[in-house]
Amino acid sequence: MLKLYGSARSRASIVQWYLEELAVPYEFVILDMQGGEHQQPEYLAINPMGKVPAIVDGDFQLWESGAIVFYLAQKYGNTGDSPEAQAKINQWIIFANATLGPGVFVEANREKEMPRLMTPLNQIFSKQSFLLGDDFTAADVAVGSMLCYIPLMLKLDLSEYPAVLDYMKRISERPAFQKAIGGRS
């Protein structure tokens, strides 16, 4: 059975959400970060960086939430048959972690980056239900989790972006989201 290593209030919840969406059986191994369990040799053999999340799927080990979500989409989900379809999903996963997260959650970046990021997202969601059209994908897990963390962590006013707020409401009502992230508010 796949093992997901994480801790409370970590990006492991993103991976957990996607595992729930895919209905992939998994064991959630909660590490005691305060006690330094993530710095012990047993865990460092899985992730030498000592960060969470990480997964062990049979003999395969992987860390970094974005890489894990893309792997799960390829193995258990649907990334499309073409390299182009896979690249579109991967583009949004990388965007979530490398652009959206730092643009919103790094205070020094926020004032400048929020309009640059949220305005095009609002335009996308005013035309379609999900990032890639009418179907929920791994891209929505990556970007949606970052967006849904905003009211949990920052309490920013997003009223200028009604389509983004509608999207956040729609995805946060999904049963898999509720199980993995919903109870954290």
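**View 1. The kink in helix α6.** A kink of about 25° occurs in α6, centred on Gly 144, where the bend at a residue is the angle between axes fitted to the seven residues ending there and the seven starting there. This is a predicted model, in which local features need pLDDT of at least 70, side-chain atom pairs count only at pLDDT 80 or more, and totals for chains, interfaces and linings use all residues. Residues are numbered from 1 along each chain as its sequence is written, and side-chain values use heavy atoms, with hydrogens and water left out.

**View 2. The span and cover of helix α6.** Helices are DSSP runs of H or I with at least four residues, numbered from the N terminus. With 16 residues (138-153) at 1.5 Å a residue, α6 should span 22 Å, which agrees with the 22 Å between its end C-alpha atoms; the expected span is 1.5 Å times one less than the number of residues. Of the 16 residues in α6, 13 are buried, meaning under 20% relative accessible area with a 1.4 Å probe and protein chains only. Lys 155, which follows α6, has a positive phi near 55°.

**View 3. The setting of Ser 145.** Ser 145 lies in helix α6 and is buried, with a relative accessible area of 0%. Its side chain reaches the backbone oxygen of Val 141 at 2.9 Å. Apart from neighbours within four places in sequence, Ser 145 is in contact (heavy atoms within 4.5 Å) with Ile 14, Trp 17, Asp 140 and Ile 181.

How values were computed
Helices (H or I, at least four residues) and strands (E, at least two) are DSSP runs, numbered from the N terminus. Buried means under 20% relative accessible area, exposed over 50%, partly exposed in between (1.4 Å probe, protein chains only). A polar contact is a pair of N or O atoms within 3.5 Å; within protein, one must be able to donate a hydrogen and the other to accept it, and residues adjacent in sequence count only if both atoms are side-chain atoms.
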